[in-house]
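Here's a quick briefing to read alongside the model. Have the sequence and the 3D view open as you go.

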Amino acid sequence: MPDVISFRDAIKATEGEDRALLIGNGFSAQYFSYANLLAEANLDKDGPIKALFDRLETLDFEAVVRALENATIVERAYGHIAHADQLEIDAQTVREALVTAVNATHPAHRDDLVFHYESAAAFLSHFSKGQVFTLNYDLLLYWVNLEKGLLTDGFGLGEEIDGGRFKGPYQEDAYCKMFNLHGGLHLFQNGIGEVYKALNYGDGLVANITHQITEKKRLPVYVAEGTSKSKLRKINSVEYLRHCYRTLQDTKAAVFVFGHSADPNDAHIYNAIFGSKAQHVYFGVYEPEPEKVAALDAELAKYKKLGGDRVEYSFFNSQTAYVWDGPPEGDAVE
């Protein structure tokens, strides 16, 4: 079995080097225990809307709404007015289902969670001079960053619009340290493809997102497809996401992976990392039992070979990063 070192030792090994961080669902697991938003949407599992998700082989609410809206146009052209009306109702039902899922998986305000902000900030501070990539589309990293202001997100050169509901657009030449590889529930696109971030407005960020979906009929930019190929197709359809992905492909840092399992449905991410000029990959393993580490070793070895065998990798015990609970006395990473 490959050696598994502590997070502290991995940080020490990269002293003086640029570091990048890639976070997956494990970063949010202590607060958000959902596999995907569709599971929390309360759609009839035997109804036509859920069947449409299945037929389209997608978890993307926007793709289903778009299919329903296109079908509505066809039905009206053929004079099937009653069915067209039903499809319009169904499209709104999908939007409202997304709202249900967002509210089921997030509190109304970030203050409603008992965050260990200091601990999370201490973890992220090791990467604040580098880059942080996230595969999550929940709001946790966004909220932590709002609380501590560690990472710039590329929207800082933009302006507040829509009465203060949004800020942006995102600019590639803006000073940016945080990249949402799979989008986020707080990110929305305008008619010409520019991406803006939703702000805490009135009753909070979640309320603003809810307003955009139900009242404005706008859906967030996020990647929820089930396969790596379909995820990459969605990434290539949005310039903001393409830019984030290119930035990962271009990294020259030591890359730390936290809270992810290198599943084949995210092969595009590991192809990007192992095809880059990364100095080294430090892969975090939760509860690193021999069988688990051996399986991950075999998986990463495939990506390493496909990338030309240039980027080496090691494993660290992700529990020793103490992201949310803080280290025991005397075990803090300097």
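Predicted model: local features only at pLDDT ≥ 70, side-chain atom pairs only at ≥ 80, totals over all residues.

Residues are numbered from 1 along each chain as its sequence is written, and side-chain values use heavy atoms, with hydrogens and water left out. Helices (H or I, at least four residues) and strands (E, at least two) are DSSP runs, numbered from the N terminus.

**The sheet**

- Seven strands make an open sheet in the order S1-S11-S10-S9-S2-S3-S6, with parallel pairing; two strands count as paired if DSSP finds at least two bridges between them.
- At the edges sit strand S1 (4-5) and strand S6 (178-180), each pairing on one side only.
- Strand S2 (residues 19-23) runs parallel to strand S9 (residues 254-258), and five bridges join them; arginine 19 has alanine 254 of S9 as its bridge partner.
- S9 also pairs with S10 in the parallel sense, over four bridges, and here phenylalanine 256 stands opposite tyrosine 282 in S10.
- Six of the six residues of strand S10 (residues 280-285) are buried, so S10 is largely enclosed by the rest of the structure. Buried means under 20% relative accessible area, exposed means over 50%, and partly exposed is in between (1.4 Å probe, protein chains only).
- Both faces of S10 are covered, with His280, Tyr282 and Gly284 on one side and Val281, Phe283 and Val285 on the other.

**The helices**

- In helix H8 (residues 228-236), the buried residues are Ser228, Ser230, Lys231, Lys234 and Ile235. Seen down the axis of H8, these buried residues fall within an arc of 165 degrees, so they line one face of the helix; the arc is that of the directions from the helix axis to the C-beta atoms.
- Lys229 and Arg233 are exposed on the other side of H8.
- The buried residues of H8 pack against helix H3 (61-77), helix H9 (239-249) and helix H10 (267-274), where contact means heavy atoms within 4.5 Å.
- H9 lies across strand S3 (131-134) and S6, and runs at about 120 degrees to S6. Axes are lines fitted to C-alpha atoms, for helices over the stretch in contact, and angles run from 0 to 180 degrees between N-to-C directions.
- Helix H7 (residues 205-214) has eight of its ten residues buried, so H7 is largely enclosed by the rest of the structure.
- The buried residues of H7 pack against helix H4 (81-105), helix H6 (140-148), strand S5 (166-168), strand S7 (187-189) and strand S8 (195-198).

**Pocket and cavities**

- On a 1 Å grid over the protein atoms alone, a cavity is a set of points where a 1.4 Å probe fits but cannot get out, and a pocket is an open set with protein on both sides within 12 Å along at least five of seven lines; lining residues have an atom within 4 Å of a point.
- Grid points are joined across faces, edges and corners, and a volume is the space filled by probe spheres set on the points.
- The largest pocket holds about 990 Å³ of space and is lined by 42 residues, of which Gly24, Asn25, Gly26, Phe27 and Gly259 lie nearest its centre.
- S10 gives the most to the lining of the largest pocket, with three residues.
- There are two cavities of 30 Å³ or more, and the largest cavity has about 70 Å³ of space.
- Residues lining the largest cavity include Ile23, Phe27, Asp138, Tyr142 and His186.
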